Amino acid sequence: MSAQLQDTLFMFTLLATELSVLFIGISFLVGALQRHIPPSRLEALLSNSGGRGYLIAAGLGAITPFCSCSTIPMLKGLIRARVSFGPMTVFLFASPLLNPVVVVLLFATFGVGLTAIYVLAALTVSLAAGWSLQALGYERYLRREENPVVSVASSEEKSCTGASVPGGKYSGLWREALSDFVRVSPYLLIGVAIGSAIYGYLPTDLLAKYAGQDNPLAIPVAAVIGVPLYIRAEAVIPMASALMTKGVGAGAVLALIIGSAGASLTELILLRSLFTPRLLLAFVTVVLAMAVAAGYGAFLFF
(Lines give C-alpha, C1' and ligand atoms only; values in the text may rest on other atoms or scores of the structure.)
Protein backbone atom coordinates (compact mmCIF):
# COMPACT_ATOMS: atom_id res chain seq x y z
CA MET A 1 0.00 0.00 0.00
CA SER A 2 1.43 3.40 -1.01
CA ALA A 3 2.18 6.08 1.55
CA GLN A 4 -0.34 8.42 -0.11
CA LEU A 5 -3.11 5.83 0.16
CA GLN A 6 -2.21 5.16 3.80
CA ASP A 7 -2.38 8.91 4.55
CA THR A 8 -5.72 9.15 2.76
CA LEU A 9 -7.26 6.20 4.59
CA PHE A 10 -5.92 7.40 7.93
CA MET A 11 -7.31 10.91 7.39
CA PHE A 12 -10.68 9.55 6.24
CA THR A 13 -11.00 7.35 9.33
CA LEU A 14 -9.89 10.15 11.61
CA LEU A 15 -12.12 12.82 10.11
CA ALA A 16 -15.17 10.61 9.66
CA THR A 17 -14.99 9.49 13.29
CA GLU A 18 -14.16 12.92 14.68
CA LEU A 19 -16.77 14.80 12.68
CA SER A 20 -19.49 12.24 13.34
CA VAL A 21 -18.88 12.41 17.10
CA LEU A 22 -18.67 16.19 16.98
CA PHE A 23 -21.83 16.52 14.92
CA ILE A 24 -23.90 14.24 17.15
CA GLY A 25 -22.49 15.76 20.33
CA ILE A 26 -23.00 19.35 19.26
CA SER A 27 -26.47 18.55 17.93
CA PHE A 28 -27.27 17.16 21.38
CA LEU A 29 -25.91 20.26 23.12
CA VAL A 30 -27.76 22.58 20.75
CA GLY A 31 -30.98 20.66 21.42
CA ALA A 32 -30.43 21.01 25.16
CA LEU A 33 -29.75 24.72 24.70
CA GLN A 34 -32.92 25.11 22.67
CA ARG A 35 -34.91 23.57 25.50
CA HIS A 36 -33.20 25.68 28.13
CA ILE A 37 -33.29 29.00 26.29
CA PRO A 38 -36.50 29.83 24.45
CA PRO A 39 -36.28 31.04 20.83
CA SER A 40 -37.43 34.49 21.92
CA ARG A 41 -34.31 34.82 24.10
CA LEU A 42 -31.98 33.84 21.24
CA GLU A 43 -33.75 36.30 18.97
CA ALA A 44 -33.23 39.02 21.55
CA LEU A 45 -29.51 38.21 21.96
CA LEU A 46 -28.90 38.13 18.21
CA SER A 47 -31.22 40.92 17.18
CA ASN A 48 -29.72 43.34 14.69
CA SER A 49 -30.89 46.53 16.39
CA GLY A 50 -28.03 48.99 16.76
CA GLY A 51 -25.48 46.41 15.68
CA ARG A 52 -25.46 44.81 19.15
CA GLY A 53 -26.56 41.45 17.78
CA TYR A 54 -23.68 41.40 15.29
CA LEU A 55 -21.09 42.02 18.00
CA ILE A 56 -22.64 39.38 20.25
CA ALA A 57 -22.63 36.89 17.36
CA ALA A 58 -18.94 37.60 16.68
CA GLY A 59 -18.18 37.19 20.39
CA LEU A 60 -20.05 33.90 20.56
CA GLY A 61 -18.14 32.73 17.50
CA ALA A 62 -14.82 33.70 19.04
CA ILE A 63 -15.37 31.75 22.26
CA THR A 64 -16.72 28.57 20.64
CA PRO A 65 -13.93 26.16 19.63
CA PHE A 66 -15.76 24.83 16.55
CA CYS A 67 -14.21 23.86 13.26
CA SER A 68 -15.98 24.80 10.04
CA CYS A 69 -17.99 21.55 9.95
CA SER A 70 -19.00 21.37 13.60
CA THR A 71 -20.48 24.88 13.32
CA ILE A 72 -23.28 23.47 11.12
CA PRO A 73 -25.35 21.88 13.93
CA MET A 74 -25.27 25.20 15.79
CA LEU A 75 -26.33 26.98 12.60
CA LYS A 76 -29.26 24.57 12.22
CA GLY A 77 -30.33 25.42 15.76
CA LEU A 78 -30.14 29.15 15.08
CA ILE A 79 -32.21 28.75 11.91
CA ARG A 80 -34.83 26.80 13.85
CA ALA A 81 -34.87 29.49 16.54
CA ARG A 82 -35.57 32.10 13.82
CA VAL A 83 -32.73 34.38 14.92
CA SER A 84 -31.82 37.37 12.77
CA PHE A 85 -30.10 36.36 9.55
CA GLY A 86 -27.27 38.93 9.71
CA PRO A 87 -25.93 37.99 13.17
CA MET A 88 -26.42 34.32 12.33
CA THR A 89 -24.10 34.62 9.32
CA VAL A 90 -21.57 36.55 11.42
CA PHE A 91 -21.49 33.58 13.80
CA LEU A 92 -21.09 31.19 10.86
CA PHE A 93 -18.05 33.08 9.55
CA ALA A 94 -16.45 33.92 12.89
CA SER A 95 -16.80 30.61 14.73
CA PRO A 96 -14.25 28.51 12.80
CA LEU A 97 -11.91 31.40 11.99
CA LEU A 98 -11.70 32.97 15.44
CA ASN A 99 -11.52 29.55 17.03
CA PRO A 100 -9.34 29.99 20.15
CA VAL A 101 -7.27 26.94 19.19
CA VAL A 102 -6.42 28.47 15.81
CA VAL A 103 -5.59 31.88 17.28
CA VAL A 104 -3.34 30.47 20.00
CA LEU A 105 -1.50 28.20 17.54
CA LEU A 106 -1.07 31.10 15.12
CA PHE A 107 0.42 33.26 17.86
CA ALA A 108 2.76 30.51 19.02
CA THR A 109 3.93 29.75 15.46
CA PHE A 110 3.99 33.12 13.67
CA GLY A 111 3.97 35.74 16.43
CA VAL A 112 1.74 38.69 17.22
CA GLY A 113 1.94 40.47 13.86
CA LEU A 114 0.45 37.81 11.56
CA THR A 115 -2.00 36.78 14.27
CA ALA A 116 -3.27 40.36 14.62
CA ILE A 117 -3.79 40.65 10.84
CA TYR A 118 -5.61 37.31 10.82
CA VAL A 119 -7.95 38.24 13.70
CA LEU A 120 -8.61 41.74 12.34
CA ALA A 121 -9.45 40.45 8.86
CA ALA A 122 -11.67 37.64 10.16
CA LEU A 123 -13.57 39.91 12.55
CA THR A 124 -13.97 42.88 10.19
CA VAL A 125 -15.03 40.90 7.14
CA SER A 126 -17.39 38.69 9.19
CA LEU A 127 -19.20 41.74 10.57
CA ALA A 128 -19.30 43.54 7.21
CA ALA A 129 -20.50 40.42 5.36
CA GLY A 130 -23.24 39.70 7.89
CA TRP A 131 -24.57 43.24 7.68
CA SER A 132 -24.33 43.33 3.86
CA LEU A 133 -26.06 39.99 3.30
CA GLN A 134 -28.85 41.04 5.67
CA ALA A 135 -29.22 44.39 3.87
CA LEU A 136 -29.30 42.69 0.46
CA GLY A 137 -32.07 40.34 1.55
CA TYR A 138 -30.11 37.09 1.26
CA GLU A 139 -32.21 35.57 4.02
CA ARG A 140 -34.66 34.48 1.33
CA TYR A 141 -32.02 32.06 0.03
CA LEU A 142 -32.08 29.94 3.19
CA ARG A 143 -33.60 26.49 2.88
CA ARG A 144 -36.20 26.58 5.63
CA GLU A 145 -37.50 23.26 6.89
CA GLU A 146 -41.06 22.69 5.78
CA ASN A 147 -41.84 21.10 9.13
CA PRO A 148 -39.52 22.65 11.72
CA VAL A 149 -39.07 20.93 15.04
CA VAL A 150 -42.25 22.23 16.59
CA SER A 151 -41.93 19.88 19.55
CA VAL A 152 -38.75 21.61 20.65
CA ALA A 153 -40.22 25.10 20.54
CA SER A 154 -43.39 23.82 22.07
CA SER A 155 -41.60 22.25 25.01
CA GLU A 156 -39.57 25.41 25.53
CA GLU A 157 -42.68 27.54 25.66
CA LYS A 158 -44.37 25.16 28.11
CA SER A 159 -41.36 25.04 30.38
CA CYS A 160 -41.20 28.82 30.49
CA THR A 161 -44.84 29.06 31.46
CA GLY A 162 -44.51 26.37 34.11
CA ALA A 163 -46.65 23.80 32.27
CA SER A 164 -45.66 20.16 32.49
CA VAL A 165 -43.71 18.62 29.67
CA PRO A 166 -44.30 14.92 29.10
CA GLY A 167 -41.11 12.94 29.62
CA GLY A 168 -39.19 15.96 30.91
CA LYS A 169 -37.62 19.00 29.31
CA TYR A 170 -34.68 17.09 27.84
CA SER A 171 -36.45 13.96 26.61
CA GLY A 172 -35.75 12.86 23.05
CA LEU A 173 -32.49 14.79 22.70
CA TRP A 174 -30.38 11.84 21.54
CA ARG A 175 -33.09 10.74 19.12
CA GLU A 176 -33.21 14.19 17.51
CA ALA A 177 -29.39 14.44 17.40
CA LEU A 178 -29.10 11.04 15.70
CA SER A 179 -31.91 11.94 13.30
CA ASP A 180 -30.05 15.10 12.27
CA PHE A 181 -26.86 13.08 11.78
CA VAL A 182 -28.55 10.43 9.63
CA ARG A 183 -29.98 13.17 7.42
CA VAL A 184 -26.61 14.82 6.75
CA SER A 185 -24.30 11.77 6.96
CA PRO A 186 -24.17 11.20 3.15
CA TYR A 187 -23.00 14.80 2.66
CA LEU A 188 -20.51 14.42 5.50
CA LEU A 189 -18.94 11.19 4.25
CA ILE A 190 -18.71 12.37 0.63
CA GLY A 191 -16.98 15.56 1.72
CA VAL A 192 -14.60 13.72 4.03
CA ALA A 193 -13.70 11.25 1.26
CA ILE A 194 -12.86 14.00 -1.23
CA GLY A 195 -11.02 16.10 1.32
CA SER A 196 -8.98 13.10 2.52
CA ALA A 197 -7.97 12.22 -1.05
CA ILE A 198 -6.78 15.78 -1.61
CA TYR A 199 -4.91 15.68 1.69
CA GLY A 200 -3.21 12.40 0.83
CA TYR A 201 -2.29 13.05 -2.80
CA LEU A 202 -1.66 16.82 -3.10
CA PRO A 203 2.13 17.30 -3.03
CA THR A 204 3.35 20.06 -0.75
CA ASP A 205 5.94 21.04 -3.37
CA LEU A 206 3.16 21.67 -5.90
CA LEU A 207 1.50 24.10 -3.51
CA ALA A 208 4.79 25.87 -2.93
CA LYS A 209 5.33 26.14 -6.70
CA TYR A 210 2.01 27.86 -7.44
CA ALA A 211 1.92 29.97 -4.28
CA GLY A 212 5.56 31.06 -4.25
CA GLN A 213 6.77 34.55 -3.44
CA ASP A 214 7.54 35.34 -7.09
CA ASN A 215 3.98 34.65 -8.24
CA PRO A 216 1.87 37.86 -8.17
CA LEU A 217 -1.27 35.73 -7.88
CA ALA A 218 0.13 33.67 -5.01
CA ILE A 219 -2.35 35.00 -2.44
CA PRO A 220 -5.62 34.39 -4.34
CA VAL A 221 -4.24 31.06 -5.60
CA ALA A 222 -3.52 29.98 -2.02
CA ALA A 223 -6.98 31.09 -0.92
CA VAL A 224 -8.65 29.09 -3.70
CA ILE A 225 -6.49 26.04 -2.98
CA GLY A 226 -7.35 26.26 0.70
CA VAL A 227 -11.13 26.03 0.25
CA PRO A 228 -11.38 22.38 -0.89
CA LEU A 229 -8.92 21.25 1.78
CA TYR A 230 -10.29 20.05 5.09
CA ILE A 231 -7.30 20.35 7.41
CA ARG A 232 -7.61 20.39 11.17
CA ALA A 233 -6.32 23.49 12.97
CA GLU A 234 -3.62 21.38 14.61
CA ALA A 235 -2.36 20.37 11.14
CA VAL A 236 -2.84 23.43 8.95
CA ILE A 237 -0.60 25.75 10.98
CA PRO A 238 2.41 23.40 11.15
CA MET A 239 1.90 22.77 7.43
CA ALA A 240 1.82 26.53 6.81
CA SER A 241 5.01 26.96 8.81
CA ALA A 242 6.71 24.32 6.66
CA LEU A 243 5.52 26.04 3.49
CA MET A 244 7.07 29.33 4.63
CA THR A 245 10.44 27.57 4.99
CA LYS A 246 10.06 26.42 1.35
CA GLY A 247 9.62 29.97 0.09
CA VAL A 248 5.87 30.52 0.26
CA GLY A 249 5.14 34.11 1.31
CA ALA A 250 3.46 35.02 4.58
CA GLY A 251 0.47 36.45 2.72
CA ALA A 252 -0.12 33.25 0.77
CA VAL A 253 0.22 31.18 3.94
CA LEU A 254 -2.34 33.32 5.77
CA ALA A 255 -4.72 33.10 2.80
CA LEU A 256 -4.34 29.32 2.78
CA ILE A 257 -5.12 29.09 6.51
CA ILE A 258 -8.26 31.22 6.21
CA GLY A 259 -9.43 29.42 3.07
CA SER A 260 -9.04 25.96 4.63
CA ALA A 261 -10.37 26.92 8.07
CA GLY A 262 -13.25 29.08 6.84
CA ALA A 263 -14.81 27.09 3.99
CA SER A 264 -13.76 23.47 3.75
CA LEU A 265 -15.29 21.28 1.06
CA THR A 266 -16.99 19.17 3.73
CA GLU A 267 -18.63 22.27 5.20
CA LEU A 268 -19.84 23.41 1.78
CA ILE A 269 -21.43 20.04 1.12
CA LEU A 270 -23.17 20.19 4.50
CA LEU A 271 -24.28 23.78 3.93
CA ARG A 272 -25.86 22.70 0.64
CA SER A 273 -28.68 21.19 2.69
CA LEU A 274 -29.32 24.59 4.33
CA PHE A 275 -28.40 27.14 1.64
CA THR A 276 -29.53 27.61 -1.93
CA PRO A 277 -26.71 27.81 -4.51
CA ARG A 278 -26.85 31.62 -4.54
CA LEU A 279 -26.31 31.89 -0.78
CA LEU A 280 -23.63 29.19 -0.92
CA LEU A 281 -21.80 31.20 -3.58
CA ALA A 282 -22.04 34.32 -1.42
CA PHE A 283 -20.58 32.37 1.51
CA VAL A 284 -17.60 31.17 -0.53
CA THR A 285 -17.06 34.66 -1.93
CA VAL A 286 -16.92 36.17 1.55
CA VAL A 287 -14.40 33.59 2.79
CA LEU A 288 -12.21 34.11 -0.29
CA ALA A 289 -12.41 37.89 0.16
CA MET A 290 -11.42 37.48 3.79
CA ALA A 291 -8.48 35.26 2.85
CA VAL A 292 -7.28 37.62 0.14
CA ALA A 293 -7.65 40.70 2.38
CA ALA A 294 -5.62 39.07 5.16
CA GLY A 295 -3.07 37.81 2.65
CA TYR A 296 -2.42 41.19 1.10
CA GLY A 297 -2.38 42.75 4.56
CA ALA A 298 0.43 40.38 5.51
CA PHE A 299 2.13 41.02 2.15
CA LEU A 300 2.24 44.76 2.87
CA PHE A 301 3.63 44.50 6.39
CA PHE A 302 5.87 41.41 6.23
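L300 counts as exposed, because its relative accessibility is 65% and exposed denotes a relative accessible area over 50%, whereas buried denotes under 20% and partly exposed lies in between (1.4 Å probe, protein chains only). L300 belongs to helix α15, residues 277-301. Helices are DSSP runs of H or I with at least four residues, strands are runs of E with at least two, and both are numbered from the N terminus. Together with Y296, F299, F301 and F302, L300 forms a nonpolar patch on the surface, and these residues have about 630 Å² of accessible area together. Such areas come from the Shrake-Rupley method with a 1.4 Å probe, and for residues only the protein chains shown count as cover. A patch is made of residues with over 30% relative accessible area and no salt bridge; nonpolar side chains (Val, Leu, Ile, Met, Phe, Trp, Tyr) are joined within 5 Å, and like charges within 9 Å. A salt bridge is a side-chain nitrogen of Lys or Arg within 4 Å of a carboxyl oxygen of Asp or Glu.

The model is predicted: local features need pLDDT of at least 70, side-chain atom pairs count only at pLDDT 80 or more, and totals for chains, interfaces and linings use all residues. Residues are numbered from 1 along each chain as its sequence is written, and side-chain values use heavy atoms, with hydrogens and water left out.

The protein as a whole contains 15 helices and 0 strands. Of its 302 residues, 50% are buried. The protein exposes about 13600 Å², of which carbon and sulfur atoms supply 68%. A contact means heavy atoms within 4.5 Å. Among contacts between residues at least 6 apart in sequence, 85% join residues at least 24 apart.

Several individual residues illustrate contacts of this kind. D7 lies in helix α1, residues 3-36, and is partly exposed, with a relative accessible area of 39%. Apart from residues up to four places away in sequence, D7 touches Y199 and G200. The C-alpha atoms of D7 and A197 are separated by 8.6 Å, although these residues are 190 apart along the chain.

S241, in helix α12 (residues 233-245), is also partly exposed, at a relative accessible area of 28%. Neighbours within four places in sequence aside, S241 is in contact with T109 and F110. The C-alpha atoms of S241 and F110 are 7.9 Å apart, and 131 residues separate the two along the chain.

T276 is placed in the loop between α14 (265-271) and α15. With a relative accessible area of 18%, T276 is buried. Its contacts, leaving aside neighbours within four places in sequence, include Y141 and R143. R140 is 136 residues from T276 along the chain, and the C-alpha atoms of this pair are separated by 9.2 Å.

Burial can also be followed inside helices. S185, in helix α9 (residues 173-201), is buried, with a relative accessible area of 16%. A polar atom of the S185 side chain lies 3.0 Å from the backbone oxygen of V182. In helix α11, which spans residues 218-226, the residues A218, I219, A222, A223 and G226 are buried. Why do they lie on the same side of α11? They do so because they cover an arc of only 135° around the axis, the arc being that of the directions from the helix axis to the C-beta atoms.

Conventions
Polar contact = N/O pair within 3.5 Å; in protein donor to acceptor, adjacent residues only side chain to side chain.
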